[in-house]
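I set out to record what can be looked up in this structure. The entries follow the order in which I checked each item.

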Amino acid sequence: MSGFRRPLRPEDPRRLRVLLDRVVGLARDHGLDSVVVGMAGSEGDSLVPDLIEYIQSALRVEDSVFRLTRERAVLFLADV
């Protein structure tokens with residue numbers, strides 16, 4: 001069996017565990033200062049999903065976004 005694994009989609013609930021494990025690992029291994037930020041807008045707010053998409057497109061490789069719903073997300077920002 002191959003060691004290849006498909007990346008989890010941003011809205012996959014398992015991604016939050018992977019994200020938090022990554023935060024802890026980076027902080028422990030490299031002494032990085034990092035931040036986990038929650039974002040939430042009102043249900044049905046059409047601006048928030050666009051804002052989350054914009055932020056996601058501007059993140060560095062070591063940063064991540066976990067989408068909870070269209071209006072809610074958790075951001076991991078490394079080395080802030």
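This is a predicted model: local features need pLDDT of at least 70, side-chain atom pairs count only at pLDDT 80 or more; totals for chains, interfaces and linings use all residues.

**Entry 1: Residue R14**

I then looked up its place in the fold: R14 belongs to helix α1, which covers residues 14–30. I also checked R14 against F66, a residue 52 positions away along the chain. The C-alpha atoms of R14 and F66 are separated by 9.5 Å.

**Entry 2: Overall content**

I next listed the secondary structure and noted two helices and three strands in the protein. Along the sequence, I read their pattern as α-β-α-β-β.

The protein has 80 residues, and 26% of them count as buried. I noted an accessible surface of about 5,900 Å² for the protein, with 55% of that surface belonging to carbon and sulfur atoms.

Among contacts in the protein with a separation of 6 or more, 56% are between residues 24 or more positions apart.

**Entry 3: The sheet**

In what order do the three strands lie in the sheet? I found the order β1-β3-β2, in an open sheet with antiparallel pairing. I recorded an average twist of 15° from one strand to the next.

As background, I noted that strands of a sheet pair through backbone hydrogen bonds, in either a parallel or an antiparallel manner.

**Entry 4: The pair β2 and β3**

How many bridges join β2 to β3? I found five bridges between β2 and strand β3 (residues 72–78), and the two strands run antiparallel. I noted that β2 and β3 form a hairpin, with two residues between them. Within this pairing I looked up R67, which stands opposite A73 in β3.

**Entry 5: Helix α2 on the sheet**

Which strands does helix α2 touch? I found that helix α2 (residues 47–58) packs on the sheet and touches β1, β2 and β3. The direction of helix α2 makes about 160° with that of β2.

How values were computed. Residues are numbered from 1 along each chain as its sequence is written. Side-chain values use heavy atoms; hydrogens and water are left out. Helices (H or I, at least four residues) and strands (E, at least two) are DSSP runs, numbered from the N terminus. Buried means under 20% relative accessible area, exposed over 50%, partly exposed in between (1.4 Å probe, protein chains only). Contact means heavy atoms within 4.5 Å. Accessible areas come from the Shrake-Rupley method with a 1.4 Å probe; for residues, only the protein chains shown count as cover. Two strands pair if DSSP finds at least two bridges between them. Axes are lines fitted to C-alpha atoms, for helices over the stretch in contact, and angles run from 0 to 180 degrees between N-to-C directions.
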